[in-house]
Amino acid sequence: MKISFAKAALPTEGALAVGILEGRVLTATAGQIDHKTGGLIARALAASRFEGKKDQTLLLLAPAGLTVQRLLLIGLGKPDSVDGLAAEAYGGTAVAQLQAAGDQLLTIAVDPIGGSPLAPAEFAAHAAAGARLRSYRFDKYRTKEKKEDKPSLKKVVLSLDESGEAKRRFARLDGIIDGVFMTRDLASEPANVIFPTSLAEQAKTLAEQGVDVEVLGEKQMRKLGMGALLGVGQGSARESQLVVMRWMGAEDQDAVPVAFVGKGVTFDSGGISIKPAGGMEDMKWDMGGSAVVIGLMKALALRNAKVNAVGIIGLVENMPSGTAQRPGDVVTTMSGQTVEVINTDAEGRLVLADAMWYTQDRFKPQVMIDLATLTGAIIISLGDHYAGLFCNDDGLADKLVAAGKGVGELLWRMPIDDPYDKQLKSDIADMKNVGGREGGSITAAMFLKRFVKDTKWAHLDIAGVTWAKKDGAVTPKGATAFGVRLLDRLVADNYEQK
Amino acid sequence: MLKISFVAAPSRAEGLAVGLRPGGALPDLGRAAATALLLGRTLARRHSFKGEEGDVLPVLTADHWLVLVGLGPIEQQNSRRLRRVGGGLFAELATSGIAKLDVAFGLDPLEAAELAYGMLLRAWRPAARYRSKADPDQVWSLSKIAIVSPDPSLSQRRLDRLAAVAAGAAYARDLVVAPGNELTPQSFIDRLDRLTRQGISLDVLDAATHGLRLLQAVGQGSAVPPRLALLHWRGAGKTERPLVFVGKGITFDTGGIDIKPRADMEEMKGDMAGAAAVAGALYALALRRAPVNAVGVLALAENMPSGQATRPGDVVASYAGTTVEIIDTDAEGRLVLADALAYAAAKYRPRAMVDLATLTGAVEVALGRHRAGLFTADDQLAERLMAAGEAEDELLWRLPLTDAYDDALKSLAADLRNCDWEHGPDALHAARFLQHFVPDGVAWAHLDIAGLSEAEEDGPLAAEGPTGFGVRLLDRLAEDLAAHPWSKGAGVPSV
């Protein structure tokens with residue numbers, strides 16, 4: 001699907017989407033159509049329950065007096081609520097409704113909205129971003145899809161007077177979306193295709209964008225003492241990997257970097273503490289955190305972010321086998337601390353423990369943010385609307401929450417108080433890897449905290465938000481890439497040279 | 001029964017407790033205790049006693065017990081820590097054989113009272129009548145504690161105030177520990193006579209005849225009918241709008257027709273801990289003659305399977321009129337609270353309304369046993385509750401009250417269903433369910449105390465068992481509100 005920007009003009013073919021404000025207030029293009037057709041829109045509004053509220057749509061087929069095939073009215077809500085997210089939803093809704101309707105061309109009208117905080121060019125850029133984000137499909141493995149189920153849409157044109165400016169602004173968002181799509185692809189790929197070495201290969205493709213990529217194999221990790229990460233991968237026939245991605249975009253090459261660490265369990269069977277069969281296929285996306293870090297690095301590089309950023313991902317496959325780690329095994333982490341592995345299915349924290357230690361040891365970052373599909377408990381705590389945020393620095397937490405609100409990827413802060421740490425006491429080692437059912441996400445975070453030096457650190461538990469069970473405004477059902485846009489925004493707002 | 005007094009100087013009891021701090025700085029105790037203190041310091045060195053907060057080491061000297069107590073660093077000392085030290089000291093010596101103890105820590109009069117308060121809170125145990133004969137090793141030997149204070153009468157006055165709250169907490173714990181064959185909705189009401197004797201007025205409503213149909217639906221499987229108990233404490237002027245506390249009081253929760261698995265089901269005798277906390281808080285307010293108007297609303301029912309019980313799928317019109325499809329009879333707490341909240345909001349015009357409930361297992365998964373879940377749309381109420389919790393060691397953590405999960409509560413047959421079978425955030429669903437029954441404009445907060453009403457291990461202020469969680473918090477909220485009235489514009493937002 002190709003996205004372009006053109007001077008405002010009513011199209012003569014394909015589909016046309018126009019906005020209506022709450023209270024049935026017509027935007028300029030809607031007014032123009034209404035005038036030209038002798039009151040088509042007014043009649044349609046009078047004959048329907050469409051009021052222009054957010055999320056409302058009204059589709060008119062073969063609209064009388066126009067040559068377009070379809071006219072889609074989309075509710076924008078109240079003018080003062082038309083922000084970037086509303087613009088994205090506008091574009092996303094248009095694509096969702098018309099992607100497989102039969103038309104090849106979709107024109108999305110963008111009009112100035114009095115009282116909106118957005119200028120038309122910015123509105124158009126976000127609407128285009130929403131359109132592209134919502135158009136995502138992972139269909140490479142469908143060999144027999146019926147024609148009518150395939151997307152018909154080939155071209156989306158945003159029509160507005162400031163088309164040149166809109167195009168420039170969209171270019172930046174377009175790069176971020178490239179990152180988002182890469183993340184979605186990686187999370188969607190099955191585990192016989194994406195495993196530690198093949199995921200590392202995927203990360204290496206970022207070299208094309210100027211990202212420096214280094215891959216450590218098991219031998220090197222053993223030398224570094226990463227006993228926790230290696231223990232998780234030892235049951236698999238696939239070799240574990242640690243990937244280091246560096247984007248040095250700051251003018252000062254020596255500027256202290258920001259660091260992102262991702263959990264990359266390419267398939268999590270649970271290991272010897274094997275999971276129940278129902279739903280186990282979802283465990284192909286237990287590398288969601290690492291996919292976000294890869295997509296984020298790509299986004300930062302594509303939009304040429306003026307920041308030094310490192311992305312470190314620990315890639316393992318957690319399998320039961322004759323060589324697998326057993327419950328009760330004690331492993332020594334790179335930090336020197338020992339862990340009694342009570343449950344081999346609490347493996348993400350073991351991978352992160354070594355990856356985070358390595359990150360701090362080597363890069364001494366100004367902040368370190370890890371992402372992981374870490375616990376089922378976070379889904380029972382917060383559902384699929386918020387990711388859990390655990391943070392040892394109030395300032396960083398506030399920045400993350402604000403960035404999340406800005407892009408519609410919401411975080412909810414959870415506690416990391418010392419009393420929870422007690423639940424990790426082991427009878428024979430420095431700690432055990434599970435703290436029980438109660439406060440399960442908190443004790444997982446407390447475990448990670450033991451591997452944080454004097455670093456400003458945040459942990460995002462994204463288990464509930466990585467895979468959507470139903471379509472959202474700009475996210476089709478499936479892999480969401482939750483985190484890419486959030487962390488890109490965090491960097492843009494706080495860590496880039498202006 | 002533990003008796004605590006304040007004295008100007010230690011008498012010569014069989015035990016003397018002295019406080020030590022890391023680094024070994026000695027408090028000025030005057031001549032009377034100076035020798036003991038020096039001896040204590042010598043002994044502390046010998047026994048590598050560090051003086052960390054909570055350390056207790058009894059040493060038998062030539063003629064009496066010298067008890068070394070760690071007070072922690074002076075710069076960290078505050079009321080909360082002193083309470084913990086007091087509670088810990090009592091727990092350590094309760095069955096030691098020592099009967100009378102002098103405590104000379106060099107505290108000021110108010111600090112001495114806080115230390116005593118901690119002892120009072122810790123000195124609770126289930127009524128002796130539950131055992132036919134006492135285990136002699138478990139009988140408390142320690143019965144008299146004299147705490148040295150530079151102004152004993154000031155310390156005593158302060159303790160009188162705090163002891164009211166300790167009595168409220170003890171009362172709540174008594175209720176929580178009471179087994180289901182002893183504590184039914186009716187016997188819960190009978191036991192409220194303790195409150196009415198202190199000037200609290202009590203109204204009892206029959207659920208069926210007052211349109212409290214959700215409460216009725218939950219209780220109808222039991223042979224003992226459900227009741228709504230209304231407790232009124234009028235400590236301020238007639239025109240002052242009351243603080244309203246609402247408590248879930250399922251005196252036993254079998255789950256009903258959706259019966260629970262048998263393991264640990266006996267713990268469900270404690271599913272009335274919210275109501276117990278509310279009753280305990282009202283008791284405390286009355287005992288200390290608090291200058292506030294407060295109402296306690298107890299939604300009392302027993303959830304039993306029987307031929308009359310509510311079935312999964314039953315649709316019931318609530319007190320507020322909203323209809324509810326009861327898809328899980330074991331999600332009953334939110335049903336009784338829904339009617340109680342709607343009734344209280346309509347009847348009392350609350351300044352603020354706070355409900356407490358052992359509501360969901362999900363909140364235990366989310367927050368474990370160190371913090372209760374706080375749900376409110378009112379930021380000011382949230383802040384006050386969080387602060388009260390911090391001050392009283394009854395910690396809260398705010399969780400989302402959001403319409404994002406409204407799909408989970410959609411029913412094909414009624415306005416709402418009472419839960420979602422999916423493996424989702426049930427504590428959030430429950431809070432949002434309750435919000436439907438609170439009129440807009442009422443400052444309301446919901447505390448899910450499922451993880452906190454009972455402790456799995458001994459702590460400094462409560463032994464393993466019922467904690468009375470919420471009594472101190474609500475008392476502190478009432479006190480805070482009397483001292484710093486609600487600012488304008490509070491209680492507005494709702495999602």
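Predicted model: local features only at pLDDT ≥ 70, side-chain atom pairs only at ≥ 80, totals over all residues.

A: B:Arg84 lies in helix α2 of chain B and B:Glu53 in the loop between α1 (30-46) and β3 (56-60) of chain B, so the pair ties together parts that are 31 residues apart in sequence. B:Arg84 counts as partly exposed, at 25% relative accessibility. B:Glu53 is partly exposed as well, its relative accessible area being 26%.

Salt bridges that share partners also form a network, made up of B:Arg83, B:Glu114, B:Arg158, B:Glu392 and B:Arg476. Within it, the side chains of B:Arg83 and B:Glu392 meet at 2.8 Å, N to O.

Helix α2 (79-93) of chain B, together with α3 (109-122), supplies at least two residues of the side of domain 1 of chain B that touches domain 2 of chain B. The largest share of that side, five residues, comes from α2(B).

Chain B is divided into domain 1, residues 3-160, and domain 2, residues 183-483. Their C-alpha centres lie 37 Å apart. Where they meet, eleven residues of domain 1 of chain B are in contact with 14 residues of domain 2 of chain B. The size of an interface is often given as the accessible area lost when the parts come together. For domain 1 of chain B and domain 2 of chain B this buried area is about 1000 Å², with 47% of it on carbon and sulfur atoms. On the side of domain 1 of chain B, the residues that lose the most area to domain 2 of chain B are B:Arg80, B:Arg83 and B:Arg122, together 49% of what that side buries. The count of salt bridges between the two domains is two. Four residue pairs are in polar contact across the same interface, both residues of each pair being at pLDDT 80 or more.

Chain B also meets chain A. Here 26 residues of chain B are in contact with 25 residues of chain A. The two chains bury about 2000 Å² between them, and 56% of it is on carbon and sulfur atoms. Five salt bridges are counted between chain B and chain A. One of the salt bridges in the model joins the side chains of B:Glu457 and A:Lys422, at 3.6 Å from N to O. On the side of chain B that touches chain A, α10 (362-367), β15 (396-398) and α12 (426-435) of chain B each supply at least two residues. The largest share of that side, five residues, comes from α10(B).

The last topic is the nonpolar core. The largest nonpolar core has 110 residues, of which B:Leu228, B:Val297, B:Met353 and B:Leu399 touch the most other members. Helix α9 (residues 333-348) of chain B gives this core its largest share, eleven residues. Leaving aside residues up to four places away in sequence, B:Val297 touches residues including B:Leu228, B:Val244, B:Phe245, B:Ala340, B:Ala344 and B:Tyr348.

Technical notes. Residues numbered from 1 in each chain as written. Chains lettered and ligands numbered in written order. Heavy atoms only, no water. Core = buried A, V, L, I, M, F, W, Y, C linked by side-chain atoms within 4.5 Å. Buried < 20%, exposed > 50% of the residue type's maximum accessible area, 1.4 Å probe, protein only. Helix = DSSP H or I, 4+ residues; strand = E, 2+ residues; numbered from the N terminus. Contact = heavy atoms within 4.5 Å. Domains from an automatic or database assignment. Buried area = accessible area lost by both parts, 1.4 Å probe. Salt bridge = Lys/Arg side-chain N within 4 Å of Asp/Glu carboxyl O. Polar contact = N/O pair within 3.5 Å; in protein donor to acceptor, adjacent residues only side chain to side chain.
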